[in-house]
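Hi,

Here is the structure I promised to pass on. Have a look, and my notes follow below.

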Amino acid sequence: MPIYRFIFFSAKHRFAHASNLLPRFGSSKRIQSCGYTKSAKNNYYKKPTGHPVVNVETQASHSSGAYFIPPILLGFGGLLAFLHYNDERRAVKIGKDSYTGSDTAVAPIIGGPFTLVNSENQIVNEQDFLGNWVLLYFGYTSSPDIGPDQVRIMAKVIDTLAKKNLKVLPVFVTIDPQRDTPAQLRAYLKEFDPRIVGLGGPVSAVRQMAQEYRVYFKKVEEEGDDYLVESSHSMYLIDPKMKVVRCFGVEYNAEQLSKEILKELKKHQVNA
C-alpha cells in the first residue's frame, strides 16, 4: 500500500475519534476530576472527600482544541484524497482483455503520444507505428557496455521471431539526443541490424516520451566535456494499438526474451 494511503486511513481514524469526543465537551458544563489536594496544616496529600468542580472557562479552554482539530484533519485528508485521485487517474482499468476476453487487473498507464525524428531525419509520432508489434528500447550510442549488449539482444530476438514468421518492429529511442543525431543513430544501428528504427529529436520531446514510459535516465559528468548517461535499460513489448504489454529488464538474455515475447504473442492470438 502506498505510504500516503496508509497516512490517509490513519488520519481518517483519528478524525472519527475526535468527532466522538465533541459531544462530551459540548453538553457538559462541569467536569469531575480525581486528584490529590495538599493540606496546608498537615503538609501531606490526601484524597478529597468531594468531587472538585473545574471552572467552565477552564474547561472551554481545554476543549477548544477539539473544535480546531477537525478542520486541520479535513485539510490534510483533502490533500491525501487528491494524491489518491491523482494515482488512480494514472491507472487504467482495462476490464476485459480485448484479445482473450479474460479479466485483467488495474495496471498503471505506461506510454503515451510522442513526436520525434527518425534516423532518416523525418518527423514521426506514435500513429506511424499503429498496426505493428513493437520492441522498444531506450539507450544511447555512446553507452560503453550495457547499451550495446541490449541492442545486440534486440537484434537476435528479431531474427528468432522472423524465423517463425513473426514480425516485431525494433525501435531504439536515444536518451542522449544532444550527441545522437539522425546520422549518428543510422550509422550506429546499422552495425547491429538495419531493421532497427532509430528515434531522436529535441531534448524536451525525448524527455517527455521517457517520462510517459517511466524511463529513468541521468547525465553523469566525466573528465573534460565527456559524460555518461545512467538509465533503467528497459525494453517494452507494445501491441498494434500502441499499448505496453510487457516490460523487460536487463536480466533477460536473447533466448529468454524470445521465449517471453512468443508467450505474449501466443496469448494475444498472434499466429505464425
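**What I found**

Asp193 is buried, as its relative accessible area is 6%; buried means under 20%, exposed over 50%, and partly exposed in between (1.4 Å probe, protein chains only). You'll find Asp193 in the loop between helix 4 (182-190) and strand 11 (197-200). Helices (H or I, at least four residues) and strands (E, at least two) are DSSP runs, numbered from the N terminus. Leaving out residues up to four places away in sequence, Asp193 touches Ala155 and Asp159, where contact means heavy atoms within 4.5 Å.

A quick word on the basis: this is a predicted model, where local features need pLDDT of at least 70 and side-chain atom pairs count only at pLDDT 80 or more, while totals for chains, interfaces and linings use all residues. Residues are numbered from 1 along each chain as its sequence is written, and side-chain values use heavy atoms, with hydrogens and water left out.

Another Asp to look at is Asp225, which is exposed with a relative accessible area of 78%. Asp225 sits in the loop between strand 12 (217-221) and strand 13 (227-231).

As for the whole chain, the protein has six helices and 15 strands. Of its 272 residues, 33% count as buried. Among contacts with a separation of 6 or more, 65% are between residues 24 or more positions apart. The accessible surface (Shrake-Rupley method, 1.4 Å probe; for residues, only the protein chains shown count as cover) comes to about 17,200 Å², and 55% of that belongs to carbon and sulfur atoms.

Cheers
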